[in-house]
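Me: Hi! I'm about to look at a structure that is new to me. Could you walk me through a few parts of it?

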Amino acid sequence: MKYRPSLRTRRLAITTAAVLALSGANGPWVYRFGTERYHEYRINKPDYKAANGHWDFLDVPSAYRINTIHAALLHTGKVLLVAGSGNNRKNFDAKSFRSVLWDPGAGTFKNIPTPDDMFCSGHTQLPDGKLLIAGGTRRYEKLKGDVTKAGGLMIVHNEDPDKPVTLPAGTRFTGRANGRTFVSKDPVLIERATKVFDRRTGTFLRNDAGLGRIYVEAEKSGTRYGTGAEDNYRIAGLTGSDARNVYGIAQKLALDKKDFQGIRKAFEFDPAAEKYITVDPMNEARWYPTLTTLRDGRVLALSGLDEIGQIVPGKDEIYDPRTGKWQYTGIVRRFPTYPAVFLMNDGKLFYSGSNAGYGPADVGREPGIWDLATNSFTKIPGLGDADEMETSATVRLPPAQDEKFLVIGGGGVGESGRSSAKSRLVDLKDPAPRFRDGAPLAEGTRYPSASLLPDDSLLVTGGSNDYRGRGGSNVLQARLYDPGTDTYKRVADPAVGRNYHSGSVLLPDGRVMVFGSDSLYADRANTRPGVFEQRIEIYSPPYLYRGARPELTSGPASIRRGGTGTFATARGAAITSARLMRPSAVTHVTDTDQRSVALGLRRTAGGITVTVPGNRALVPSGWYMLFVTDDRGTPSEGVWVEVP
């Protein structure tokens, strides 16, 4: 007899089949949902946080979300976030420039009126606690297909030794051979010629022409108005001897790509007044410059693209915050843009080779020690991948007294897809310093962010394998580097990928703010344009999950170099180290301010006494965070101390 299932059996079979069908269709979703729930459970367990730390998103109201390109911690404990135009041409054309002040303690935000486009400026902390910001964007780049008028660099010569000449914007230059006319976009000063004499006899030899550089464009659109070779140019409006002595010379003026152009303007941001203050402009326009504080508190401005989109031809200059004036150094030394140049303990400068991208591949890229007084430059050998230093990060390892530097990741010049997984170490106290390879990263990483922590470790996070995250190549990993053992330990992973235009800043409470990212594309196939990452993440290191922290309850607000300060703390007997940490001013993976100085430590009744080193180059004047760390490796919150 043929078997016939009961009604109940048939219903159960149908239900089971339906469940299996739904499971088959939705299995991946069910798996992902379960996996994500488990991941959230796991990363929030106390034991996991104590070993790996934790990431949180900063809740930024929509009115204060900007394309953060630059960030600096101020001695008020607030963080200045600077976008300028934020790498957005529409903002630039509308003159919409943004800065936001974030107060981590109060959790508040404030829009700051921003007087010019500080996008891709340089910045550094000043001795009085203000932030110097110099340079920025005059014009956005134009790719070859977007350029409609031929243009480029015009070198203006003045052979008159008796007077300089100023040409206004709109000056017309007409080629003597090609007959093409080009118009200047800005005014230009051409210095008078220099008389050259024979040193032995005093006989006059010649006049060396004074030179001026200016960007010019054709009057009309189209390729036929461009030129393909060098020519000498007459200048309209000049008469008499000026017409004979002043002329232009230009190479090819064509519809090629036009790079970004810089500005001369400079500002101080006052943390007390919470506003920008205009100071004298630089002598040179700069886009992508580095500002490095010198031993005497003055600031050296290096490199950058000028007002015609070319690397500033080695005309370094110094800002004196006491006078608010800039002055040429008289030294000519060329670097690629955003060169990582650090003040050493003897007042000389260390250039690690790290840079942010623009400039010839064969000019100014070798690392070395630079004596600004004599302009001597001693090259440091040993780099195994010297052609992959672009977009690398350089950090002065703690304590700063040791003068050991770590160079992390990087990649090939320009839009290269090559990236380096190397970490390179150099000890500048060695009589013959030489780079050696340190612990490697897990994978090649351009644009890594690196922040010193008060327990002497280093947080390394973000970056990408390829130029600006192409091909979905962001590195979603964070690691803690131990300088003592030269090892990386992988910790909790961030939720957001970070590449170009990203950075990180240590906060006074020991957490780290990580911001920015400007991917070229928004998908792995490189078909959709990228969108600037406005979300900010906060990393809480493992030491914040180990129970009670040491606390400094009172002490001086100012300690002189070579002087001491006594601070009250209930756990003085457990304190093992004290550090002065200079606040960050970071952009484009460049932070030459960041340093952690070891202090002398003596335990006293009811507290500790610290001694600040007397070396002005080791401890430049300014504001610092004082952290103390206990015998469990747990640091206190930072206390602001001024070194006058």
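This is a predicted model: local features need pLDDT of at least 70, side-chain atom pairs count only at pLDDT 80 or more; totals for chains, interfaces and linings use all residues.

Me: Which strand does strand 3 join, and by how many bridges?
Reply: Strand 3 (residues 79-84) runs antiparallel to strand 4, with five bridges joining them. Two strands pair if DSSP finds at least two bridges between them. G84 has R98 in strand 4 as its bridge partner.

Me: And how many bridges link strand 4 to strand 5?
Reply: Six bridges, again in an antiparallel arrangement, with strand 5 covering residues 108-113. D103 stands opposite T108 in strand 5. The two strands form a hairpin with four residues between them, and G107 in the turn has a positive phi of about 70°.

Me: Switching topic: how many aromatic pairs are there?
Reply: The structure holds 24 of them. Rings of Phe, Tyr and Trp (its six-membered ring) pair if their centres lie within 6.5 Å; planes under 30 degrees apart count as stacked, over 60 as edge-to-face, and the rest as tilted. Y64 and F109 are a stacked pair, 5.9 Å centre to centre with 20° between the planes.

Me: Where do Y64 and F109 lie?
Reply: Y64 is in the loop between strand 1 (54-57) and strand 2 (70-73), while F109 is in strand 5, so the pair ties together parts that are 45 residues apart in sequence. Y64 is partly exposed, at 25% relative accessible area, whereas F109 is buried at 13%.

Me: Why is the pair of F119 and W287 called edge-to-face?
Reply: Because their planes stand at 80°, with the ring centres 6.2 Å apart. F119 is in the loop between strand 5 and strand 6 (122-125) and W287 in the loop between strand 21 (275-279) and strand 22, so this pair ties together parts 168 residues apart in sequence. F119 is buried, with a relative accessible area of 1%, and W287 is buried too, at 0%.

Me: What about R470, buried or exposed?
Reply: R470 is buried, with a relative accessible area of 18%. You'll find R470 in the loop between strand 35 (458-461) and strand 36 (478-482).

Me: Which side chain does R470 have a polar contact with?
Reply: That would be D466, at 3.0 Å. A polar contact is a pair of N or O atoms within 3.5 Å; within protein, one must be able to donate a hydrogen and the other to accept it, and residues adjacent in sequence count only if both atoms are side-chain atoms.

Key. Residues are numbered from 1 along each chain as its sequence is written. Side-chain values use heavy atoms; hydrogens and water are left out. Buried means under 20% relative accessible area, exposed over 50%, partly exposed in between (1.4 Å probe, protein chains only).
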